[in-house]
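Q: I am new to this structure and would like to learn how to read its features one at a time. Could you take me through them?

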Amino acid sequence: MTTDETGTGTGHDDIRAAVIAAITEIAPEVEDLELAGDVPLRRQVDLDSMDWLNVLIALRSALGVDIPESDYARLATLDDLVTYLAERLGR
């Protein structure tokens, strides 16, 4: 696997794109360039609990990763989601 200038694998870029796609599927008014990696997503995007659950379901469908409810609290930011999913996918 190659790495970009930040040292993260290019697989992270694919995961980030999948996360953004899942969010914009639920909230199409969101511009992906507006999303900060280190700010809680629910503060950046007007997602209620059901919307957030639908984002996680879309990620499971897109990436094949089951996210247990016990892990939801760890997934507040875009960076959190990308790191978590990369770990689960072994990237």
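This is a predicted model: local features need pLDDT of at least 70, side-chain atom pairs count only at pLDDT 80 or more; totals for chains, interfaces and linings use all residues.

Q: Which residues touch the most other members of the largest nonpolar core?

A: In soluble globular proteins, nonpolar side chains tend to be buried together. Here the largest nonpolar core has 25 residues, and those touching the most other members are Val19, Ile23, Leu35, Trp52, Leu59, Leu81 and Leu85. Helix H1 (10-26), helix H3 (49-63) and helix H4 (78-89) each supply at least two residues of this core, and H4 gives the most, with six residues.

Q: Which residues does Trp52 touch, leaving aside those up to four places away in sequence?

A: With those neighbours not counted, Trp52 touches Leu41, Arg42, Leu47, Leu75 and Leu81.

Q: Which residues of H4 are buried?

A: An α-helix has 3.6 residues a turn, so residues three or four places apart point the same way. In H4, the buried residues are Leu78, Leu81, Val82, Tyr84, Leu85 and Ala86. The twelve residues of H4 should span 16 Å at 1.5 Å a residue, which agrees with the 16 Å between its end C-alpha atoms. Just after H4, Gly90 takes a positive phi of about 70°.

Q: Which residues make the nonpolar surface patch, and why does Ile57 count as partly exposed?

A: Met50, Leu53 and Ile57 make a nonpolar surface patch of about 250 Å². Ile57, which is found in helix H3, counts as partly exposed because its relative accessibility is 35%, and partly exposed lies between the cut-offs of under 20% for buried and over 50% for exposed.

Technical notes
Residues are numbered from 1 along each chain as its sequence is written. Side-chain values use heavy atoms; hydrogens and water are left out. A nonpolar core is a set of buried Ala, Val, Leu, Ile, Met, Phe, Trp, Tyr and Cys residues joined through side-chain atoms within 4.5 Å. Buried means under 20% relative accessible area, exposed over 50%, partly exposed in between (1.4 Å probe, protein chains only). Helices (H or I, at least four residues) and strands (E, at least two) are DSSP runs, numbered from the N terminus. Contact means heavy atoms within 4.5 Å. The expected span of a helix is 1.5 Å times one less than its number of residues. Patches are made of residues with over 30% relative accessible area and no salt bridge: like charges are joined within 9 Å, nonpolar side chains (Val, Leu, Ile, Met, Phe, Trp, Tyr) within 5 Å. Accessible areas come from the Shrake-Rupley method with a 1.4 Å probe; for residues, only the protein chains shown count as cover. A salt bridge is a side-chain nitrogen of Lys or Arg within 4 Å of a carboxyl oxygen of Asp or Glu.
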